[in-house]
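Please have the structure open as you read.

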Amino acid sequence: MSTGILAFGAYVPRKRLQRSAVHAANAWFAPGLKGLAKGERAIGDWDEDSLTMAVEAARDTLAAFDRGQIDTVLLASTTFPFADRQNCGVVKEALNLPDRVATLDVGGSLRAATGALIQALRVTAGTNAAPQLCLASDLRKARPASEPELLYGDAAAGLLVGAGATIANYLGSYSISADFVDHYRATGSDFEYAWEARWVRDEGYNKLLVGALKDALQALGVAADAVNHLIIPINVRGIATSVARQAGFNPAVVVDTLADRLGDSGAAHPFVLLVSALEKAKPGEKIILVGFGQGVDVILFEATESLGQLAPRKGVTGSLALGKKDDNYMRWLFHRGVIDLEKGMRAEADYKQLAAPLWRQHKAVFGLVGGRCTRTGTVQFPKSDISVDTNDPARSTQEDYPLADRRARIVSYTADVLTYSPSPPFYYGLIDFHGGGRLKVEFADVEPGDLRVGREIEMVFRIKAVDERRGFKKYFWKAKPVAEES
Amino acid sequence: MASGIKDKVAILGMGCSNFGERWDKDAGDLMLEAFDEAIVDAGIDTTQIDAAWLGVAYDVVSVGSSGIPMSFALRLPNIGVTKVENYCASGTESFRGAVYAVASGAADIALAMGVEKLKDTGYAGLPFRTIGSTLDMIGVEGSGPGNFAQLATAYCSVHGVSAQDLKRAMAHVSVKSHANGAKNPKAHLRTPIDLDTVLNAPMIAEPLGLFDCCGVSDGAACAIVTTPEIARSLGKTDLVTVKALQIAMSNGWEMQQAGGWNGAYFHTARIAAAKAYKEAGVTKPAEQIGMTEVHDCFSVTELVTMEDLFLSQAGEAWRDVLDGMFDADGKVPCQLDGGLKCFGHPIGASGLRMIYENYLQLLGRAGGRQLHTSPSLALSHNIGGQPSENVCAVAIIGLSNA
């Protein structure tokens with residue numbers, strides 16, 4: 001039985017911050033960054049973080065897949081919202097997976113995702129083990145007028161790993177570890193500290209990475225010219241092709257790092273680029289995925305005939321196509337908490353989360369699980385002992401009814417400028433799900449004129465509120481207009 | 001069905017404070033201002049009151065908990081004071097408590113008070129508060145304007161009315177209320193406005209602009225009620241009696257069942273109105289009800305309420321509004337005192353303030369805004385919550401011989 005990748009998915013937040021807008025604001029202070037001020041980078045909205053993006057990438061990965069089969073979920077990131085509350089556990093709840101799945105956060109390095117992937121591949125290799133869902137997501141902050149501010153991008157991607165109808169077979173991996181500190185971010189710190197680029201290039205990329213790649217080819221028994229797609233997730237201009245050439249590859253096989261359209265998505269970038277490569281790969285083609293960060297991971301895959309049979313999904317290509325240009329640099333700085341604005345008294349509300357009700361209602365809050373009356377078929381949210389159906393208020397007849405992946409239509413809506421919102425106006429309204437169920441919702445990713453009665457919407461997992469006093473984030477589902485043909 | 005309370009209870013006296021930004025008064029002062037007027041009107045003294053009800057919606061920032069603040073402020077004779085809260089319908093809820101107490105025979109004379117002190121919060125609009133441990137996680141804490149604005153988006157869609165036509169009809173509602181409020185010395189907002197001012201005002205919650213929204217005010221209103229027999233024994237001749245008093249409450253159908261409620265009306269208001277008309281013996285509301293005071297927290301609320309009270313056909317209220325049917329000189333005048341829009345909206349007081357205006361008009365005591373022909377039946381409509389989940393109170397009072 002072949003083992004490898006069964007499915008992939010990705011999520012890139014909708015907004016594309018124009019680097020020219022960033023530079024226009026900072027050129028007085030950092031004119032030298034002009035060379036990086038081209039193209040655009042993906043930015044999460046105020047209500048997104050690495051956790052919410054991971055949920056969306058997982059949903060894309062699991063399109064048309066029976067979630068009940070999943071054995072393990074691994075989440076890699078360097079920007080987990082919680083240091084001691086398993087982030088992957090929240091993702092598991094949002095995906096409404098059964099409690100018996102194992103979950104694990106993997107962090108600490110930009111190599112976290114490739115490391116997690118290698119473990120999942122090794123555990124399942126040559127076995128009939130149930131699939132493991134590997135997720136990687138990063139939403140990194142950067143200081144204004146810094147290089148990372150221009151180079152980074154926010155994104156997440158997922159890979160379902162296991163035996164069976166693989167779309168890419170796992171042929172082996174090679175790893176080295178070395179405490180090469182090209183940059184670091186201390187625990188609790190928002191921003192990284194990086195060393196001189198010339199030293200990183202010479203000692204890190206040209207020696208450490210090139211050397212590891214050459215050794216990997218030998219260890220894996222594959223010739224450089226047999227590789228069709230080489231993924232080096234390093235967004236410093238020219239490095240990926242230079243490393244490829246030095247290691248004996250034809251630079252033409254280097255996978256586009258999406259520097260101009262997305263940016264460097266940190267721990268997620270190896271997965272993002274692998275998904276991008278799989279979207280273009282043909283059966284029989286070999287793919288090498290590299291992870292770099294205090295060492296090197298090299299993983300070898302071969303695409304299979306099943307690649308063409310994968311159910312439709314957004315992936316990287318689809319997510320990138322949904323991008324909206326954004327040149328509001330100030331708004332982004334505010335949303336990332338880099339600058340503070342006078343929010344007024346209305347923003348003084350206390351968003352304290354009570355732990356007991358959250359646990360009591362966790363299926364409703366995280367999984368958007370409502371109820372369906374087994375007698376009348378009436379669907380409602382949340383579940384209740386007595387059905388809402390006035391024609392038959394049946395008692396104790398409701399079964400779990402997940403609503404997150406069902407589409408709905410708008411019944412009523414408003415754009416409210418009175419209520420505090422980090423992104424005014426505050427859009428909310430009432431929606432009816434196809435197949436039943438009604439919900440009062442906040443809308444996400446809305447622009448003026450987007451909403452109308454009857455418009456089709458889909459649900460997305462987002463931050464509902466932040467309790468800044470106690471450092472807690474509250475998550476719930478919001479409604480997002482489905483993209484329409486223009 | 002119960003026989004109802006028609007003509008079992010009479011209003012002995014009423015009072016209402018000035019509404020507005022009462023920076024120099026606290027809630028106790030406002031209650032006393034309303035009470036002083038009512039007790040003189042009733043012709044009794046405080047020791048004759050057997051029981052009292054107090055309606056307040058935002059106790060944390062205004063009055064404090066329990067009925068004690070009123071017992072202190074009015075120095076009531078150690079009688080029971082029941083504090084009630086039912087969103088913006090708290091005023092009518094307190095009236096119901098007092099009326100029921102008298103109707104049951106448990107009390108000879110009872111007091112209903114509503115008060116709110118909103119202007120101490122430091123910002124305009126209603127105070128932010130928790131909506132319950134579950135809804136804080138899965139609900140939406142929007143604003144009043146945002147919640148009620150959705151009536152408009154749904155109304156246009158359901159009835160095929162253009163946004164421009166509805167906006168113009170909503171503007172007419174506000175222009176009319178400002179014209180009425182200008183004649184009311186106790187009103188918070190007393191400046192007449194024109195249509196363009198409404199249409200060009202800044203947006204608060206689409207499609208509601210600034211002048212589609214009522215004022216948020218400090219104020220108090222109260223009623224002293226007794227039996228018709230006791231009222232006559234105390235020398236009252238022109239008696240105003242309670243004809244109907246109905247409250248209907250959402251049970252989740254509007255908010256939770258897909259495909260049911262269409263978002264363009266108040267399910268509860270139609271139920272409460274139908275029950276109230278039956279209790280009062282009203283069969284042709286538009287012919288028999290002489291005037292209304294309705295819960296015009298927003299212009300669109302008043303507009304759809306004309307349909308919910310069966311004064312307009314469903315989908316036609318916007319035309320009736322533009323035709324002037326609810327103007328001061330129209331067929332069924334609405335908000336002769338300026339309504340929530342201009343009299344102001346101290347939440348707990350509003351239901352009683354509406355009954356106060358109806359009471360004055362019935363007795364021909366409304367001064368410069370008095371209808372030429374006093375009505376014999378007057379309706380008040382008090383909504384609390386939001387269109388998808390609310391409490392609706394409908395009270396009809398009238399001359400005892402009507």
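1. A definition to begin with: two strands pair if DSSP finds at least two bridges between them. Please also keep in mind that this is a predicted model.

2. Let's start with the layout of chain B. Its domain 1 covers 10-120 + 218-233, and its domain 2 covers 143-214 + 239-399. Between the C-alpha centres of these two domains of chain B there are 24 Å. Their contact involves 35 residues of domain 1 and 33 residues of domain 2.

3. Now look at the side of domain 1 of chain B that touches domain 2 of chain B. The elements giving two or more residues to this side are β1 (10-16), α3 (90-104), β4 (109-116), β7 (219-226) and α8 (228-233) of chain B. The most comes from α3(B), which gives seven residues. Sorted by class, this side of domain 1 has 22 nonpolar, nine polar and four charged residues.

4. Because eight of its eight residues are buried, β7(B) is largely enclosed by the rest of the structure. B:Gly219, B:Ala221, B:Ala223 and B:Val225 point one way from the strand, while B:Ala220, B:Cys222, B:Ile224 and B:Thr226 point the other way.

5. Which strands pair with β7(B)? β1(B) pairs with β7(B) in the antiparallel sense over six bridges, and B:Gly13 has B:Ile224 of β7(B) as its bridge partner. β4(B) also pairs with β7(B) in the antiparallel sense, over eight bridges. Here the bridge partner of B:Ala112 in β7(B) is B:Ala223.

Conventions: Residues numbered from 1 in each chain as written. Chains lettered and ligands numbered in written order. Predicted model: local features only at pLDDT ≥ 70, side-chain atom pairs only at ≥ 80, totals over all residues. Domains from an automatic or database assignment. Contact = placed C-beta atoms within 7 Å. Helix = DSSP H or I, 4+ residues; strand = E, 2+ residues; numbered from the N terminus. Nonpolar A, V, L, I, M, F, W, Y, C, P; charged D, E, K, R; others polar. Buried ≥ 20, exposed ≤ 12 C-beta atoms within 10 Å, placed from the backbone.
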